[in-house]
Amino acid sequence: MNPRSVLFVCLGNICRSPVAEGVFRHALSKRIGEQAALAWKIDSAGTSAYHAGKSPDPRSQASARLHGVDLSKQRSRAFEVADFNAFEHILVMDSANHINVCALAKHPEEKDRVQLILEASFPGHNKPVPDPYYGGDQGFESVYQLLAQASEDWLDQWL
Ligand code: 4NP
């Protein structure tokens, strides 16, 4: 069965996971076409609710826009237990996200579906997507590049 549901998770759902969501949808549309991509359920969430309801960080939006990816319609929300049922794949940005999401799992099978997003690009390296929140614009561009490559690598596995 093709995976048709993916949730991207970071801490605030305003910097990294909105980019992951946007760039993945963009990459998927390029591969299978916009119409077919609509059949996929793609979303993002934060392990905290600090920024619930807010748009992605303007720096994330700007760096994505430079690459033709529009994040403006996304709004931050907190990860919830129901997401384990709603999404087949839960891709997290770093080990803290991994711990926080797995702490909410009720079954071992749910934990198995939580993976570091860079695992597809750097298997076995436990490599995080660095949090660019307190850094400069270059951090956002490098996050974009990591997530664009990760999207391609997951799609190579799934399609
Ligand atoms: P994100 O970045 O987890 O990539 O959305 C952060 C956004 C906000 C905060 C931390 C990280 N914060 O502490 O408010």
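Biologist: What does the charged end of Lys41 sit over?

Modeller: The ring of Phe87; the charged end of Lys41 is 4.9 Å from the centre of that ring. Keep in mind that this is a predicted model, so each value is computed from predicted atoms.

Biologist: Which residue lies over the face of Phe122?

Modeller: Lys127 does, at 4.9 Å from the ring centre.

Biologist: Let us turn to rings that meet other rings. How is a pair of aromatic rings described?

Modeller: The description uses the distance of the centres and the angle of the planes.

Biologist: How many aromatic pairs does the structure hold?

Modeller: The structure holds 7. One of them joins Phe24 and Trp40, with 5.9 Å from centre to centre and 50° between the planes, and this pair is tilted. Phe24 belongs to helix α1, whereas Trp40 is in the loop between α2 (34-37) and β2 (41-46), so the pair ties together parts that are 16 residues apart in sequence.

Biologist: Are Phe24 and Trp40 buried or exposed?

Modeller: A residue counts as buried when its relative accessible area is under 20%. Phe24 has 1%, so Phe24 is buried. Trp40 is at 7% relative accessibility and therefore counts as buried.

Biologist: How is the pair of Phe24 and Trp158 arranged?

Modeller: Phe24 and Trp158 are edge-to-face, with 6.0 Å centre to centre and 70° between the planes. This pair links distant parts of the chain, since Phe24 is in helix α1 and Trp158 is in helix α7, 134 residues apart. With a relative accessible area of 9%, Trp158 is buried.

Biologist: Which residues form one aromatic cluster?

Modeller: The cluster is made of Phe8, Phe24, Trp40, Trp154 and Trp158.

Biologist: Next, the ligand. Which residues are around the ligand?

Modeller: They are Cys10, Leu11, Gly12, Asn13, Ile14, Cys15, Arg16, His51, Asp131, Tyr133 and Tyr134. Sorted by class, this shell has 6 nonpolar, 3 polar and 2 charged residues.

Biologist: How much of the ligand's area does the protein bury?

Modeller: Taken alone, the ligand exposes 350 Å², and the protein buries 91% of that.

Biologist: Where do Asn13 and Asn126 lie?

Modeller: Asn13 is in the loop between β1 (5-10) and α1 (16-32). Asn126 is in the loop between β4 (114-116) and α7 (137-158).

Biologist: Is Asn13 buried or exposed? Is Asn126 buried or exposed?

Modeller: Asn13, at 2% relative accessibility, counts as buried. Asn126, at 58%, counts as exposed.

Biologist: Last, distances between points along the chain. How many residues apart in sequence are Ile90 and Asp137, and how many Å apart in space?

Modeller: Ile90 and Asp137 are 47 residues apart in sequence and 27 Å apart in space, taken C-alpha to C-alpha. Ile90 is part of strand β3 (residues 89-92) and, at 0% relative accessibility, counts as buried.

Biologist: What separates the C-alpha atoms of Tyr144 and Lys54?

Modeller: A gap of 20 Å, for residues 90 apart along the chain. Tyr144 is in helix α7 and is buried, with a relative accessible area of 6%.

Biologist: Where is Pro56 found?

Modeller: Pro56 is in the loop between β2 and α3 (58-66). Pro56 has a relative accessible area of 3% and is buried. The C-alpha atoms of Pro56 and His107 are separated by 31 Å, and the two residues are 51 apart along the chain.

Notes:
Residues are numbered from 1 along each chain as its sequence is written. This is a predicted model: local features need pLDDT of at least 70, side-chain atom pairs count only at pLDDT 80 or more; totals for chains, interfaces and linings use all residues. Side-chain values use heavy atoms; hydrogens and water are left out. A residue is near a molecule or strand if one of its heavy atoms lies within 4 Å of it. Accessible areas come from the Shrake-Rupley method with a 1.4 Å probe; for residues, only the protein chains shown count as cover. Ala, Val, Leu, Ile, Met, Phe, Trp, Tyr, Cys and Pro count as nonpolar, Asp, Glu, Lys and Arg as charged, and the others, Gly among them, as polar. Helices (H or I, at least four residues) and strands (E, at least two) are DSSP runs, numbered from the N terminus. Buried means under 20% relative accessible area, exposed over 50%, partly exposed in between (1.4 Å probe, protein chains only). Rings of Phe, Tyr and Trp (its six-membered ring) pair if their centres lie within 6.5 Å; planes under 30 degrees apart count as stacked, over 60 as edge-to-face and the rest as tilted. A charge sits over a ring if NZ of Lys or CZ of Arg is within 6 Å of the ring centre and within 35 degrees of the ring normal.
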